[in-house]
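Reader: I would like to learn how to read the features of a structure, one at a time. Please give me the general idea, then the case at hand.

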Amino acid sequence: MAGPRQSTPSVLIARRLLPAGLDRLAASCEIRKGGLDAIPERLRELAPGVAAIVSDPTVTVDEPLLEAAGPQLEIVANFAVGYDSIDLEACRRRGVAVTNTPDVLTDATAELALALTLAAARRITDAEADLRSGRWTGWDPGAHLGLELSGAIFAVVGSGRIGRRYAELVRPLAGEILYVGRRPQPDFERRLGAGRAELADALRLADVVSLHAPASPETRHMIGRDELAAMGPGAILVNAARGSLVDSAALAEALRDGSIGAAGLDVYEDEPRVPADLLDAPRCVLLPHIGSATARARDAMASTVADNVLAALAGTEPPNRVA
Ligand code: DGY
């Protein structure tokens, strides 16, 4: 970690930290806030001399920001579990610790993926939109027909905490659970009767494919035109992980031409921009990145950020260090 610490350390909250974390940091630190619309230039203006930066998935923590902060920077504490917007190598080179907020958002995010699964299967948002707009003219045996999930084959792509929790939640519905992961997970297999599969087999076999892999160069567009073609017209794709996992142009096309059944998305490649062809695509439920948005999870995430920052500032190992 970096050199001598100021008597009252400064912390840059790049965007917004909820009181559950902010109040604890403010008790012993000088706080600088970027605000929800902070642009990189503004963050670089605020950074000089800070001992900690609190980032979130929308904040790019790169060499220029670290350089602007200076050599006393000790930690980048990410207010999220995914830390793909942080240049880990640049942090390592500078001896800056990087932390995230695992566990506390697992239930919230897995529950949201379940909600997307059900909403996509039963076309809930289309049906509600018809009702609200006055297009609903009465019970119609052929309208709003969805996909039934009881007995379905679920494929969980990415078998970390959130993927495993999603599998637990869908277990009562599922006929079979497949998982795609780098390592075999014997406990998970035993407990849920899940079977490990290659991605190509999972896509071919599953009725529901739910993505829970981290964003990385290797996972970018892991679901593209060929993978969508492999899924089939009754299948549902759910993504509550990171937008970069899915080629959104290919997904919009697959929804339009009926080569997959439905999609439920919480995340996009270039947030907050949502591609127009996805907005117009049929049988597609779109949410604004709310996976961890429960009061319980967000408070716990904020508090975890404070735990990590305060540990680093006290010269001890932050509990959730990822680099
Ligand atoms: C995360 O923690 O990575 C989520 O995307 C935030 O909701």
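Author: Start with His221, which sits in the loop between strand S9 (208–211) and H10. Keep in mind that this is a predicted model.

Reader: What is the value of phi at His221?

Author: As a general idea, most residues other than glycine have a negative phi, and most peptide bonds are trans. In His221, phi is near 55°, a positive value in a residue that is not glycine. His221 is partly exposed, with a relative accessible area of 23%.

Reader: Where is Arg283 found, and what is its phi?

Author: Arg283 belongs to the loop between H12 and strand S12 (284–286). Phi of Arg283 is also positive, near 55°. With a relative accessible area of 22%, Arg283 is partly exposed.

Reader: Which residues does the cis peptide bond join?

Author: Glu271 and Pro272 are joined by a cis peptide bond, with omega at about 5°. Pro272 is part of the loop between strand S11 (262–265) and helix H12 (276–279).

Reader: Let us turn to charged side chains. How many salt bridges does the count come to?

Author: The general idea is that side chains of opposite charge can pair when their charged atoms come close. Here the count comes to 22 salt bridges. One of them is formed by the side chains of Arg161 and Asp103, at 2.8 Å from N to O.

Reader: Which parts does the pair of Arg161 and Asp103 tie together?

Author: Arg161 is in helix H7 (residues 161–170), while Asp103 is in the loop between strand S5 (97–99) and helix H5 (106–122), so the pair ties together parts that are 58 residues apart in sequence. Arg161 counts as partly exposed, at 41% relative accessibility.

Reader: At what distance do the side chains of Glu253 and Arg225 meet?

Author: The side chains of Glu253 and Arg225 form a salt bridge at 2.9 Å, N to O. Glu253 lies in helix H11 (residues 248–256) and Arg225 in helix H10 (residues 225–231), so this pair ties together parts that are 28 residues apart in sequence. Glu253 has a relative accessible area of 32% and is partly exposed.

Reader: And Glu317: is it buried or exposed?

Author: Glu317 is exposed, with a relative accessible area of 53%. Its side chain meets that of Arg321 in a salt bridge of 3.4 Å, N to O. Arg321 counts as partly exposed at 33% relative accessibility.

Reader: Which residues are linked in a network of salt bridges?

Author: Glu63, Glu67, Arg93 and Arg94 are linked in such a network.

Reader: Now the aromatic side chains. How many aromatic pairs are there?

Author: A pair of aromatic rings is described by the distance of the centres and the angle of the planes. The count here comes to two aromatic pairs. In one of them, the rings of Tyr179 and Phe188 have centres 5.1 Å apart and planes at 75°, so the pair is edge-to-face. Planes over 60 degrees apart count as edge-to-face. Tyr179 and Phe188 are both buried.

Reader: Where is Ala90 found, and is it buried or exposed?

Author: Ala90 is in helix H4 (residues 88–93). Ala90 is buried, and its relative accessible area is 0%. Ala90 and Leu66 are 24 residues apart in sequence, and their C-alpha atoms are 8.0 Å apart in space.

Reader: Which backbone atoms does the side chain of Asn239 reach?

Author: Asn239 is part of strand S10 (residues 236–239) and is buried, with a relative accessible area of 1%. The side chain of Asn239 reaches the backbone nitrogen of Ala241 at 3.0 Å. That side chain also reaches the backbone oxygen of Arg242 at 3.0 Å.

Reader: Arg242 brings me to the ligand. Which residues are around the ligand?

Author: Ala80, Val81, Gly82, Leu105, Arg242, His289, Ser292 and Arg298 are around the ligand. This shell divides into three nonpolar, three polar and two charged residues.

Reader: How far is a polar side-chain atom of His289 from an oxygen atom of the ligand?

Author: That distance is 2.7 Å for His289. Polar backbone atoms also take part: one of Val81 is 2.6 Å from an oxygen atom of the ligand, and one of Gly82 is 2.9 Å from an oxygen atom of the ligand. Taken alone, the ligand exposes 230 Å², and the protein buries 91% of that.

Definitions and conventions. Residues are numbered from 1 along each chain as its sequence is written. This is a predicted model: local features need pLDDT of at least 70, side-chain atom pairs count only at pLDDT 80 or more; totals for chains, interfaces and linings use all residues. Side-chain values use heavy atoms; hydrogens and water are left out. A residue is near a molecule or strand if one of its heavy atoms lies within 4 Å of it. A polar contact is a pair of N or O atoms within 3.5 Å; within protein, one must be able to donate a hydrogen and the other to accept it, and residues adjacent in sequence count only if both atoms are side-chain atoms. Accessible areas come from the Shrake-Rupley method with a 1.4 Å probe; for residues, only the protein chains shown count as cover. Ala, Val, Leu, Ile, Met, Phe, Trp, Tyr, Cys and Pro count as nonpolar, Asp, Glu, Lys and Arg as charged, and the others, Gly among them, as polar. A salt bridge is a side-chain nitrogen of Lys or Arg within 4 Å of a carboxyl oxygen of Asp or Glu. Helices (H or I, at least four residues) and strands (E, at least two) are DSSP runs, numbered from the N terminus. Buried means under 20% relative accessible area, exposed over 50%, partly exposed in between (1.4 Å probe, protein chains only). Rings of Phe, Tyr and Trp (its six-membered ring) pair if their centres lie within 6.5 Å; planes under 30 degrees apart count as stacked, over 60 as edge-to-face and the rest as tilted.
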